[in-house]
Amino acid sequence: QLQLVESGGGLVQPGGALRLSCAASGRTLDHYAIAWFRQAPGREREGVSVIITIDGSTYSTDSVTGRFTISRDTAKNTVYLQMNSLQPEDTAIYSCAARAPGWGPSLAISLYASWGPGPPVPVSS
């Protein structure tokens with residue numbers, strides 16, 4: 001069974017950067033669509049970005065902010081979310097999640113079955 005563990009969260013000042021990691025175990029991460037979601041205080045969870053392999057080619061979507069980049073390290077079986085130019089409105093709990101790739105590059109929450117514990121990312125002075 002696929003299991004995910006996130007790391008890399010923490011307090012950052014406005015304009016700063018963080019890289020979140022989503023390490024997988026139990027299964028090979030390349031066989032899944034892996035996405036990052038976030039939930040800000042008092043708001044609903046929203047999709048940030050997803051990386052997926054379709055017909056032998058790997059694709060990733062634009063992030064919800066345009067300032068974040070998703071990537072994958074096959075050797076480490078890990079997906080990353082590089083977050084640059086962080087702003088106070090980016091404050092949220094960030095979670096990675098996995099699903100089968102059959103639905104393409106979808107960020108619909110209902111499609112994701114495996115979730116890791118989300119690290120908090122407070123952006124404040």
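Contact means that heavy atoms lie within 4.5 Å of each other. The model is predicted, so local features need pLDDT of at least 70 and side-chain atom pairs count only at pLDDT 80 or more, while totals for chains, interfaces and linings use all residues. Residues are numbered from 1 along each chain as its sequence is written, and side-chain values use heavy atoms, with hydrogens and water left out.

**Exercise 1. The surroundings of leucine 18**

Task: State where leucine 18 lies, whether it is buried or exposed, and which residues it touches.

Solution. Step 1: leucine 18 belongs to strand 2. Strands are DSSP runs of E with at least two residues, and helices are runs of H or I with at least four; both are numbered from the N terminus.

Step 1: leucine 18 has 16% relative accessibility and therefore counts as buried. Buried means under 20% relative accessible area, exposed means over 50%, and partly exposed is in between, with a 1.4 Å probe and protein chains only.

Step 2: not counting residues up to four places away in sequence, leucine 18 touches Gly8, Gly10, Val12, Leu81, Gln82, Met83, Leu86 and Val121.

Step 3: phenylalanine 68 is 50 residues from leucine 18 in sequence, and their C-alpha atoms are 9.7 Å apart.

**Exercise 2. The disulfide**

Task: Find which residues the disulfide joins, and explain what it ties together.

Solution. Step 1: the structure holds one disulfide, a term for a pair of cysteine sulfur atoms within 2.5 Å.

Step 1: the disulfide joins cysteine 22 to cysteine 96, with an S to S distance of 2.1 Å. The link is right-handed, with 70 degrees about the S-S bond.

Step 2: cysteine 22 lies in strand 2 and cysteine 96 in strand 8, so the pair ties together parts that are 74 residues apart in sequence. Both cysteine 22 and cysteine 96 are buried.

Step 3: serine 95 is also found in strand 8 (residues 92–99). Serine 95 counts as buried because its relative accessibility is 7%. Beyond its neighbours within four places in sequence, the contacts of serine 95 include Glu6, Trp36 and Trp115.

**Exercise 3. Two hairpins**

Task: Describe the hairpin of strand 3 and strand 4 and the hairpin of strand 4 and strand 5.

Solution. Step 1: strand 3 (residues 33–39) and strand 4 (residues 46–54) run antiparallel and share five bridges. In strand 4, glutamate 46 is the bridge partner of arginine 38. Six residues lie between the strands, and glycine 42 in the turn has a positive phi of about 75 degrees.

Step 1: strand 4 and strand 5 (residues 57–60) run antiparallel with four bridges. Isoleucine 51 has serine 60 in strand 5 as its bridge partner. Two residues lie between these strands, and aspartate 55 in the turn has a positive phi of about 55 degrees.

**Exercise 4. The whole chain**

Task: How many helices and strands does the chain have, and what share of its residues is buried?

Solution. Step 1: the chain has zero helices and ten strands.

Step 1: buried residues make up 40% of the 125 residues.

Step 2: among contacts in the chain with a separation of 6 or more, 60% are between residues 24 or more positions apart.

Key:
Two strands pair if DSSP finds at least two bridges between them.
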